[in-house]
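User: I would like to go through the side-chain contacts in this model. Could we begin with the charged pairs?

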Amino acid sequence: MNNNNLITNKPIAGLSMIVAAAEDGAIGRGGDLIWRISADLKRFKALTMGHSIIMGRKTWDSLPKGALPGRRNVVVTRDKNFSAEGADVYNSLEDAIDSCKGAETFIIGGAQIYRQAMPMVSKLFLTRVYASYPDADAFFPEIIANEWVVANEEAVAETSDGLRYQFIDLIRK
């Protein structure tokens, strides 16, 4: 295995991250999403369909129907005996990423995997949720503004119950 990119934490072409995060970085509470934004879920599906998705075990456990169809599901866990029907399991993020070389790949969470993968991703597909959640227990790492360029930014939208959000696509400088 050649981990040169992974050891030096340089961005890897074709490795992206997709997340919906609140202004305070909140992404989850109690092992689940805090909000359900239909447009965000549709965007997630459209962007990841046909590609590899890498997630941690807790994110895997939160999927209501198991493996997401139409994508190669990859789960990262330290548990050497863990198996996941419909997914490939690796015991390190590096091995999971290495298994996806040559394929467009999305890191889809959770918090621990996002933190580990942040230096390695070349694109970030962000849904910014304009709210704060002090009771959240999972957070997205800080986005260092001077490391990214905005490639696309859609207008702020609002759900039927008044939650404001925006799609922002970032490319690493």
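Analyst: D32 and R36 form a salt bridge, with 3.2 Å between the closest N and O atoms. A salt bridge here is a side-chain nitrogen of Lys or Arg within 4 Å of a carboxyl oxygen of Asp or Glu. This is a predicted model: local features need pLDDT of at least 70, side-chain atom pairs count only at pLDDT 80 or more, and totals for chains, interfaces and linings use all residues. Residues are numbered from 1 along each chain as its sequence is written, and side-chain values use heavy atoms, leaving out hydrogens and water.

User: Is R36 buried or exposed?

Analyst: R36 counts as exposed, at 52% relative accessibility. Buried means under 20% relative accessible area, exposed over 50%, and partly exposed in between (1.4 Å probe, protein chains only). D32, at 37%, is partly exposed.

User: How many salt bridges are there in the whole structure?

Analyst: The search finds 7. Among them is D88 with R72, at 2.7 Å between the closest N and O atoms. D88 lies in strand β5 (residues 87-90) and R72 in strand β4 (residues 72-76), so the pair ties together parts 16 residues apart in sequence. Strands (E, at least two residues) and helices (H or I, at least four) are DSSP runs numbered from the N terminus.

User: Turning to rings, how do Y114 and F140 pair?

Analyst: Y114 and F140 are edge-to-face, 4.9 Å centre to centre with 75 degrees between the planes. Rings of Phe, Tyr and Trp (its six-membered ring) pair if their centres lie within 6.5 Å; planes under 30 degrees apart count as stacked, over 60 as edge-to-face and the rest as tilted. Both residues, Y114 and F140, are buried.
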